Amino acid sequence: MSFKMKKLDRKKKKEKDPNKFHLGNNAGTYLIILGALICVGFVVVILFMTLIGKDSYLQVYNNNRVYPYQDEDHQELIQSPTFYDAKDYKTFDISLKAKSFDTHDAHRADFNLSVCKNDVSPECLPLRYLSNKFEYKIDSTYRLYASICLASDWVGVCNYSSSYSYITKSNFESTLEKTSPKSISVTLKNNEVFPMKTPNWPVPVTINTPDAYLLLAYFTFEKGVETLHFDVIHYTYKEFYVAGVTSPAI
């Protein structure tokens with residue numbers, strides 16, 4: 001075979017087989033398309049997980065939401081309560097501080113509560129709590145009744161103090177600095193231990209501390225009618241816990 005024939009053979013071998021797939025100059029385009037498809041798939045998965053996660057969060061929250069003083073045990077007694085955040089409540093001067101808060105051993109919280117009138121307070125009529133109802137009693141020395149609920153949404157915790165504690169006229173008409181605080185205790189009846197996690201997967205919510213809801217019941221005289229009020233005041237843990245005083249902490 002001549003040198004010229006050998007050279008032609010080598011040239012033919014180097015030629016591309018038309019039946020084979022070659023990226024050639026289009027390699028960059030194919031890679032861009034592949035990357036775009038991966039990104040689109042990523043977005044679809046994220047959107048799907050977001051929608052599923054949102055529904056899961058709502059379901060868990062709604063299933064474990066609590067309604068202090070609005071449950072079946074209180075609906076008959078506590079009519080049309082008005083809810084406030086502690087920082088916004090102005091009707092009375094209030095001091096609510098935890099003396100001890102133990103959810104691990106004693107499963108109990110002890111509070112000191114003081115309630116005094118101020119310049120915007122209404123005139124509170126004497127009242128008594130008798131036979132599961134509040135009544136106007138002209139000879140009573142009590143001006144308000146109080147109760148505390150420890151509660152947490154997400155984990156469905158709701159515990160009440162065992163009784164309604166009264167605030168006497170003398171303490172009510174004093175000042176927060178001079179009045180004698182009322183001691184109120186709340187027992188965690190199901191021995192809940194904080195921090196608590198939501199009971200349903202895949203919602204990773206942890207509740208470190210419960211909140212406190214203070215109920216105040218009192219009578220006023222408005223437009224010739226004795227009116228019974230129920231104020232429910234919401235306190236976060238930071239608002240009633242006293243660093244260096246409350247012991248032991250959660």
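In these legends, Ala, Val, Leu, Ile, Met, Phe, Trp, Tyr, Cys and Pro count as nonpolar, Asp, Glu, Lys and Arg as charged, and the others, Gly among them, as polar. The model is predicted, with local features needing pLDDT of at least 70 and side-chain atom pairs pLDDT 80 or more, while totals for chains, interfaces and linings use all residues. Residues are numbered from 1 along each chain as its sequence is written, and side-chain values use heavy atoms, leaving out hydrogens and water.

**View 1. The largest cavity holds about 50 Å³ of space.** A cavity here is a set of points, on a 1 Å grid over the protein atoms alone, where a 1.4 Å probe fits but cannot get out; a pocket is an open set with protein on both sides within 12 Å along at least five of seven lines, and lining residues have an atom within 4 Å of a point. Points are joined across faces, edges and corners, and a volume is the space filled by probe spheres set on them. Two cavities of 30 Å³ or more are found. Residues lining the largest cavity include Leu 113, Ser 114, Tyr 166, Asn 171 and Lys 182. S3 and strand S8 (165-168) are the elements that give two or more residues to this lining. By class, the lining has five nonpolar, five polar and one charged residues.

**View 2. The second largest cavity has a volume of about 40 Å³.** Have a look at its lining, where Lys 117, Glu 123, Cys 124, Arg 143 and Phe 172 are among the residues. Three nonpolar, no polar and five charged residues make up this lining. Cys 124 is buried, with a relative accessible area of 4% (buried means under 20%, exposed over 50%, partly exposed in between, with a 1.4 Å probe and protein chains only).

**View 3. Cys 149 is in no disulfide.** The nearest cysteine sulfur, that of Cys 158, is 3.5 Å away, whereas a disulfide is a pair of cysteine sulfur atoms within 2.5 Å. Cys 149 is buried, at 0% relative accessible area.

**View 4. Three strands form an open antiparallel sheet in the order S2-S3-S9.** Strands (E, at least two residues) are DSSP runs, as are helices (H or I, at least four), numbered from the N terminus; two strands pair if DSSP finds at least two bridges between them. Strand S2 (93-102) and strand S9 (182-187) are the edges, each pairing on one side only. S2 and strand S3 (residues 108-116) share nine bridges, and Ser 95 has Ser 114 of S3 as its bridge partner.

**View 5. Strand S12 (residues 211-222) is largely enclosed by the rest of the structure, because nine of its twelve residues are buried.** Strand S6 (residues 142-152) pairs with S12 in the antiparallel sense over seven bridges, with Leu 214 of S12 as the partner of Ile 148. S12 also pairs with strand S13 (residues 225-235), again antiparallel, over eleven bridges. In the hairpin of S12 and S13, two residues lie between the strands, and Lys 223 takes a positive phi near 55°.

**View 6. The largest pocket has a volume of about 230 Å³.** Of the 13 residues that line the largest pocket, the closest to its centre are Asp 73, His 74, Tyr 160, Ser 161 and Ser 162. Its lining has four nonpolar, six polar and three charged residues.
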